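Here are my notes for anyone opening this one for the first time. Have a look at the sequence and the fold, then go through the points in order.

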Amino acid sequence: MPFALYLLGLAVFAQGTSEFMLSGLIPDIARDLSVTVPAAGHLTSAFAVGMIVGAPLMAILSRRFSRRGALLVFLVTFLLVHVVGALTTSFAVLLVTRVVGALANAGFLAVALVTATSMVEPDAKGRATSALLGGVTVACVAGVPAGALLGEAWGWRSAFWAVALLSLPAVLAIARAVPAGTPEAGKAGVLGELGALRGPRLLVTLLLGALVNGATFCTFTYLSPVVTHVAGLGSGWVPAMLALFGVGSFVGVAAAGRLADVRPLPVLVFGSLALLAGWVLFAVTAAHPAAVVVLVLVQGALSFGVGSTLIARALYAAADAPHLAGGFATAAFNVGAALGPWLGGLAISAGLGYRAPLWFSAALVASALVIGGTALGLGKRRPAQVPPSVAAPEPADSRAHP
């Protein structure tokens with residue numbers, strides 16, 4: 001993999017840390033800025049909404065810049081809003097910085113995905129995607145716990161300063177190492193790319209990605225009460241469980257990166273079946289600490305392994321929309337990141353207990369399997385219904401297509 005790919009991963013690490021670190025900082029922010037804890041929790045929702053809206057929108061706007069130029073604009077904006085966030089004494093200003101930071105994060109990730117895949121061979125999109133998303137998994141392992149420790153030791157503002165400082169070397173490295181490329185405005189028009197994004201294979205892949213990611217975050221968001229209230233472990237175990245989930249996600253992304261380009265269908269089918277079985281087993285055995293420790297690691301690996309493979313398949317399926325594909329893939333996965341916690345919260349609020357998000361995670365993966373299986377069956381039958389004279393030719397290497 002080109003070294004510039006890992007520089008992009010450094011920036012993604014800083015952004016992933018920012019996205020997830022608020023889970024341990026909300027009470028401190030609420031106290032310092034004189035707002036309620038639920039009000040401070042809107043900072044997380046604002047970031048999620050910004051990611052969903054921002055990914056396709058920023059991908060479209062960035063077409064006027066070279067890819068390196070767009071990456072630098074988004075990353076510098078992300079850095080600056082964290083400086084403003086660290087300095088402000090106004091909750092309203094902090095809320096605005098989270099929205100702007102999410103827009104910049106979404107735009108960066110959208111452009112970074114297509115940049116990463118353009119730097120490798122056409123049949124290596126899965127490995128490029130896994131190298132880039134490794135930054136998110138490392139954020140889960142190290143960045144988020146480190147942010148929580150910084151917030152506890154020196155206040156929540158120190159975590160914002162740390163994200164800004166992490167972004168600075170990434171800005172300098174990207175300016176020197178990422179190829180400049182050319183602006184996208186002169187290539188296929190936006191309407192042409194949007195038309196290419198309407199393909200059924202891509203739409204199904206994006207839907208599956210949203211469902212699988214929704215399952216992941218449905219449980220990940222409420223992992224703390226599962227660990228403390230259901231498994232009966234002390235609160236000191238929570239950071240360890242979050243880090244263990246991050247370790248599993250790193251392993252899953254790394255393993256999927258080696259298989260997503262050559263054996264995507266087995267990874268998706270068997271990985272999803274194992275993921276479903278794991279969520280069910282987790283829900284049944286959540287009261288047993290040993291089972292929780294094992295399943296947190298396993299489910300982290302399976303969730304991110306299947307999820308990163310679906311991102312790679314989306315990029316393959318959107319070959320005719322090279323610039324907008326990353327934006328729509330980013331948006332779809334953030335729809336899942338918003339949907340999962342909302343469903344889990346509804347279940348808990350309805351009095352179903354802290355195991356309920358685990359069952360909802362299983363239901364979301366089961367839905368993905370049903371939809372994926374139906375789409376696969378229809379896809380296999382469709383060529384038989386088309387006269388040979390007009391049937392589309394089969395791809396040269398069917399392994400590169402889901």
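1. A term to start with: buried means under 20% relative accessible area, exposed means over 50%, and partly exposed is in between, with a 1.4 Å probe and protein chains only. At 16% relative accessibility, phenylalanine 220 therefore counts as buried. Across the chain, buried residues make up 50% of the 402 residues.

2. Some housekeeping. This is a predicted model, in which local features need pLDDT of at least 70 and side-chain atom pairs count only at pLDDT 80 or more, while totals for chains, interfaces and linings use all residues. Residues are numbered from 1 along each chain as its sequence is written, and side-chain values use heavy atoms, leaving out hydrogens and water.

3. What is the chain built from, helices or strands? It has 15 helices and 0 strands; these are DSSP runs numbered from the N terminus (helices are H or I with at least four residues, strands E with at least two). Taking contact as heavy atoms within 4.5 Å, residues 24 or more positions apart account for 85% of the chain's contacts with a separation of 6 or more.

4. Next, the inside. A nonpolar core here is a set of buried Ala, Val, Leu, Ile, Met, Phe, Trp, Tyr and Cys residues joined through side-chain atoms within 4.5 Å. The largest one has 60 residues, and Leu71, Phe108, Ile174, Trp279 and Phe282 touch the most other members. Helix 13 (residues 289–317) gives the most to this core, with 8 residues. At least three residues come from each of domain 1 (1–177) and domain 2 (197–380), with the bounds taken from an automatic or database domain assignment. Another core, of 15 residues, lies apart from it and includes Met21, Leu33, Phe91 and Phe160.

5. Setting aside residues up to four places away in sequence, isoleucine 174 touches Leu8, Ala11, Arg68, Leu71, Leu72, Leu75 and Phe108.

6. Now helix 9 (residues 200–220), where asparagine 213 sits. The helix has 21 residues and reaches 30 Å from first C-alpha to last, close to the 30 Å expected at 1.5 Å a residue; the expected span is 1.5 Å times one less than the number of residues. Helix 9 is mostly covered, with 16 of its 21 residues buried. Is asparagine 213 buried or exposed? Its relative accessibility is 14%, so asparagine 213 counts as buried. Not counting residues up to four places away in sequence, asparagine 213 touches Phe333, Gly336 and Ala337.

7. Helix 11 (residues 237–259) has 23 residues and spans 33 Å from its first C-alpha to its last, close to the 33 Å expected at 1.5 Å a residue. Its buried residues include Val238, Met241, Phe245, Gly252 and Val253. Leucine 244 is also in helix 11. Which residues does leucine 244 contact, leaving aside its neighbours within four places in sequence? Val293, Val296 and Leu297. Leucine 244 and leucine 295 are 51 residues apart in sequence and 9.8 Å apart in space, C-alpha to C-alpha.

8. On to the rings. There are 5 aromatic pairs: rings of Phe, Tyr and Trp (its six-membered ring) pair if their centres lie within 6.5 Å, and planes under 30 degrees apart count as stacked, over 60 as edge-to-face and the rest as tilted. Phenylalanine 220 and phenylalanine 245 form a tilted pair, 4.9 Å centre to centre with 40° between the planes. That pair links distant parts of the chain, helix 9 and helix 11, with the two residues 25 apart.

9. Phenylalanine 245 is buried, because its relative accessible area is 5%. Its ring and that of phenylalanine 304 have centres 6.2 Å apart and planes at 75°, so this pair is edge-to-face. Here the link runs from helix 11 to helix 13, between residues 59 apart. Phenylalanine 304 is buried too, with a relative accessible area of 13%. Ring pairs link Phe217, Phe220, Phe245 and Phe304 into a cluster.
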